[in-house]
Amino acid sequence: MDIPPGRAAKIVKALGRYLGADVIGIGPLKQGWIYSHRGARPFFEAGEPNPPLFEGMPDSYAGRLYGDVIEIKHRSAVAMGFSQDLDIFKAGPSEASDLEIGRVYARSALAACQVASFIRSLGYPARAHHVRNYCVLAVPVAVDAGLGELARSGHLLHRVYGLNLRLSCVTTDMPLEYDAPVDIGVQEFCERCLKCARNCPAGAIPEGPKTVVRGVRKWQMDPEKCLLYWSKVGAACLVCQLVCPWTKAPSLLHRTVAGIAAKAPWTAGALVSADDLFFGRTYKRRSKPDWVGRQVGSGE
Ligand code: SF4
Ligand code: SF4
C-alpha cells in the first residue's frame, strides 16, 4: 500500500502513542548502530558474581542463534520512549525498581512488536527491537530520531522526561518522513552538571572530559562497573536517572525550567544549584510503596 511518507509517519506515531509511548520519533537507521553478533559473552571475569542473565549462553539460544552475524538492511527506525513511575522509582535499587523497570520494558516491547506487525500488514518489512531482542543500539537510534541527546550518564536525555525513559524501536523500509535531531543544550549542561557521576555508587560515570570511542566523541560510562554494582545489591540501580536535574514529573514548572535549560545551557550552574537546594545534592532513598514486596496470599 502506497502512503505518502508524511501521512505514514503520522499514522505510525499515532499508533505508537496509542500503545503507550510517551515520546516517538522517526529517523534514518545508520549501519554503525547495528550490533555485529547475536548473544553475549559471560559478562564478568571468573570469580566475580554474575547476574543470572549473563552466565553464558541462554539455553534457548544454544545451537541456534548465539553468535550469528546480525544483518539489518532497513533504512529507517521508529524510536519510542516510555516513562517510569518516579514515585516507585524513588525507593532506589529494590524490588520496587525491578518491578517498575520490568513493567515499562514489557510495555515498550509489546508496543514495538505491535507497531512492527502493523507495518508488515501494510506490506513493508519491519522488525521490533526491545529489551529482550535488541539488534540495534537504542540510544543513538533515538538521538537520530529526534527524541533527545546522549547525556554524560550514557542515557538518552529528553527535554521533558530527562533520563526517565525506557526505549524500544522498530526498523523498517516503509517510506516515512523523518524528524530532525534536536539540540537542547545537553552537551554544555552535562559539562557543568556532573550530578549523575558524583552520585553513582559504582563510579561508573566519568567526571572527566569526553573521549573518542569507536569514532564517536562522548562520555563513556563503564557498563561492567554498573552491572557489577547491580549484581552486588541484587536489584537494578537507577540513581543516575533519579538525580539528574532533568528527570522530573512533566509539570508546567518543570517544562518551563527545562525550556530555559534547553535555550540557555550556560545557566546550568545556577539550575543545578537550585536543584540541589530543592531536591538534594545527593541521592536520598525513599521508602517503597507498602504494597511492594508483600507475599501474595500471605495475608500481610
Ligand atoms: S545505574 Fe547506578 S551504578 Fe549504574 S551508572 Fe547509574 S548510578 Fe551508576
Ligand atoms: S545528571 Fe547532569 S551530567 Fe548527568 S546526565 Fe543529567 S544533566 Fe547530564
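**Exercise 1. Asp276**

Determine where Asp276 lies and whether Asp276 is buried or exposed in this predicted model.

*Solution.* 
Step 1. Asp276 is part of helix α10.
Step 2. The relative accessibility of Asp276 is 18%. The cut-off for a buried residue is under 20% relative accessible area, so Asp276 counts as buried.
Step 3. With residues up to four places away in sequence left aside, Asp276 touches Lys195 and Arg281.

**Exercise 2. Helices α5 and α10**

Describe how the axes of helix α5 and helix α10 cross, and name the residues that make the contact.

*Solution.* 
Step 1. Two packed helices are described by the angle between their axes and the distance between the axes.
Step 2. The axes of α5 (residues 186-193) and α10 (residues 268-279) come within 9 Å, and they cross at roughly 60 degrees. The angle therefore makes α5 oblique to α10.
Step 3. The crossing of these two helices, α5 and α10, is right-handed.
Step 4. On the α5 side, the contact is made by Phe189, Arg192 and Cys193; on the α10 side, by Ala268, Leu271 and Val272.
Step 5. Sorted by class, the residues of this contact between α5 and α10 are 5 nonpolar, no polar and 1 charged.

**Exercise 3. The shell around ligand 1**

List the residues around ligand 1, then state which elements give two or more residues to the shell and how the shell divides by class.

*Solution.* 
Step 1. The residues around ligand 1 are Cys200, Pro201, Ala202, Ile205, Met221, Cys226, Tyr229, Trp230, Cys237, Val239 and Cys240.
Step 2. Two or more residues of the shell come from each of α7 (223-233) and α8 (239-243). Helix α7 gives the most, with 3 residues.
Step 3. By class, the shell around ligand 1 holds 11 nonpolar residues, no polar residues and no charged residues.

**Exercise 4. The protein as a whole**

State how many helices and strands the protein has, what share of its residues is buried, and what share of its contacts joins residues at least 24 apart.

*Solution.* 
Step 1. The protein has 10 helices and 8 strands.
Step 2. Of its 300 residues, 48% count as buried.
Step 3. Among contacts between residues at least 6 apart in sequence, 78% join residues at least 24 apart.

Technical notes. Residues numbered from 1 in each chain as written. Chains lettered and ligands numbered in written order. Predicted model: local features only at pLDDT ≥ 70, side-chain atom pairs only at ≥ 80, totals over all residues. Heavy atoms only, no water. Near = heavy atom within 4 Å. Helix = DSSP H or I, 4+ residues; strand = E, 2+ residues; numbered from the N terminus. Nonpolar A, V, L, I, M, F, W, Y, C, P; charged D, E, K, R; others polar. Axes fitted to C-alpha atoms, helices over the stretch in contact; angles between N-to-C directions. Parallel < 35°, antiparallel > 145°, perpendicular 65-115°, else oblique. Left-handed = near helix turned anticlockwise from the far one by under 90°. Contact = heavy atoms within 4.5 Å. Buried < 20%, exposed > 50% of the residue type's maximum accessible area, 1.4 Å probe, protein only.
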